[in-house]
Amino acid sequence: MLLMAGIVIILGLSVGYCSYEYALRMVTDHKKNEMADTVNRIDININFWGLETTRLAQRIVGRGIAKEALLERETEADGYLHGWISDYAHIIEAVSDIAIFDRDQNLRYHYLAKNTRLRDAKRLNACFEAAQANQKGEAWLGVGESLYQDAEVVTLAKAVPVQGNAVGGILVIEIHPEIFRSLLLNNQSLPNGQYTFIVDKNGQILCTNRKVQPDWAKQIETAFQDGKRSFILERAEGDYYVCGQYNGLTGWKTYSVAAVQEIFPQASQLGATTAMVVVLAVLAALAAVGVISYSITVPIKELSNAMKQVEQENFEVSVNSKRKDEMGSLIVSFNFMVGKIRQLIREVYQKKIEQKNAELKALQAQINPHFLYNTLDSINWMLMERDEQEISDVVVSLGEILRYAIGGQSHLVPLRDEVRYIKSYLCIQKNRLEERLDSEWELQEEALDVLVPKLILQPIVENAVIHGIEPFKQGGRIVIKAWMQQSALFVAIIDNGAGMTQEELEILKENAAGKRETKQIGMRNIQRRIELTFGRKQAVEIRSAPGEGTAVTLRMAAVFKEGEGTSGDRDY
């Protein structure tokens, strides 16, 4: 379950992360493309106004209008020249002023004739230098003070040839910079904190939609000069995304700058939503994994516990299951296997008992019981004639023992017969140990008719005499009890002899349960005979302590001869 949960969590996090990154990249790329489109539209508009102004300059110079102004000693304001230029100037609304100067910087024509006072001689010198440096083309000077107006303008200067390639003067056209500022305001992209500005070829900012820090422009210009058209500008206050466009006509560059976090301000909300969806999906998947794992691991655990009980030789175990899947089939196969093993074990033990009975019968057949009985009877009469009463009792007891052990066909006998046999055995042992052995009987009358396996008590009584009573010089007592309780027969053999240590007791119990192999097989045989005859519910209980004696209690089903009683909890 932990492995499955780990896989689900990893997959969920991976899918969520990849989905978030893909959505973030897709939206961010879309916003960046919008910024690039904004810059491209501004550049297209710059080209439009630049071409219009350039064509006007080319018409004035190419058609000789400027040349005529230079060759005329006096320029008439209301003449043909002014009329022609004025017509074109009105068409191009971006034009602010037009002036023609000869090579000596004398004004030969001025569109705004009323303003004749030159305001900025340095600006005029810059126009002459730019025009002479680019005699065959047009030179854009960027934003500066107007020559004759109290305003900022964007200036175009063009050389005017008079004879051959000799420069006779220059044409100056001034444009309103608001035209370009309107381009910035009308083409703003979506990011709220976007900066859009135009820089001339000298690095001077022509116009901007908001105030731009000078060091920004320098860093951006440096990166743009290195060939980067879009890049990340790293600043102390944060990172900014920059994209730019170069205008080949004017030499200007248009930049759009936006803070990275402002490109997609909903990114945090997208991340939170994605995380919530992933968490819910993972929790749902974990719940499904838990249910599936529980439905698999619980029957596996039950099956494992059942297998452990089988390892401990408990073949009565079974696993209940109503499942119809593969696990149900496995449980059914396990129950069938255990049942088959239980059946085979019983068959094997039954065959062993039958084999033992056959061997016993074969031994009985080899010995003539009547011969033994007659011989012992003759010895007994001889002893009685000599007044050897004690020896006579031993011989009689021996005859009873032989008659009980050899005679009979059934392996189940009434407890009464088993008691009579034990009394004969104890009579012989009493003759040997004399006063050192004493016995006591507490027998319930109903219990004497219960059937028990033949010779089931003899190994226990023998162990009590040999290992419990005989080692003590002062001897001891053996108490044999039999009683009925809840349709079961209980037989207890108790001695007050030497007893056993805890370690010896554990070894004996493990031997009786079949968990340890030792040379003493008596208790093991008793346990197996009872289980085979009455089932595994029956038990042998052993209690002992050093110097306090030993008590062995047998529990067997109460089985009577037909017509004498009813069977108890016999378990086959």
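Which residue in β5 is the bridge partner of Asp97? The legends below cover this pairing and other close-ups of a predicted model.

**View 1. Strands β1 and β5 pair through Asp97 and Glu174.** Glu174 is the bridge partner of Asp97 in β5. Strand β1 covers residues 95-102, and strand β5 covers residues 167-175. The two strands run antiparallel. They are joined by 7 bridges.

**View 2. Five strands form an open sheet.** The strand order is β2-β1-β5-β4-β3. Pairing in this sheet is antiparallel. The edges are β2 (107-110) and β3 (138-145). Each of these edge strands pairs on one side only. On average, neighbouring strands are turned by 20° against each other, direction ignored.

**View 3. Strand β9 pairs with both β8 and β10.** Strand β8 (residues 230-235) and strand β9 (residues 238-246) run antiparallel, joined by 6 bridges. They form a hairpin with 2 residues between them. Strand β10 (residues 253-259) runs antiparallel to β9, and 7 bridges join the two. This second pair is also a hairpin, with 6 residues between its strands. Gly251 lies in that turn and has a positive phi of about 80°.

**View 4. Helices α12 and α13 pack together.** Helix α12 comprises residues 415-433, and helix α13 comprises residues 458-469. Their axes lie 11 Å apart, at an angle of about 20°. The angle makes α12 roughly parallel to α13, because angles under 35 degrees count as roughly parallel. The crossing is right-handed.

**View 5. Residues of both helices make the α12 and α13 contact.** From α12 come Glu418, Tyr421, Ile422, Tyr425, Leu426, Gln429, Arg432 and Leu433. From α13 come Gln458, Val461, Glu462 and Val465. The contact residues divide into 7 nonpolar, 2 polar and 3 charged.

Key: Residues numbered from 1 in each chain as written. Predicted model: local features only at pLDDT ≥ 70, side-chain atom pairs only at ≥ 80, totals over all residues. Heavy atoms only, no water. Pairing = 2+ DSSP bridges. Helix = DSSP H or I, 4+ residues; strand = E, 2+ residues; numbered from the N terminus. Axes fitted to C-alpha atoms, helices over the stretch in contact; angles between N-to-C directions. Parallel < 35°, antiparallel > 145°, perpendicular 65-115°, else oblique. Left-handed = near helix turned anticlockwise from the far one by under 90°. Contact = heavy atoms within 4.5 Å. Nonpolar A, V, L, I, M, F, W, Y, C, P; charged D, E, K, R; others polar.
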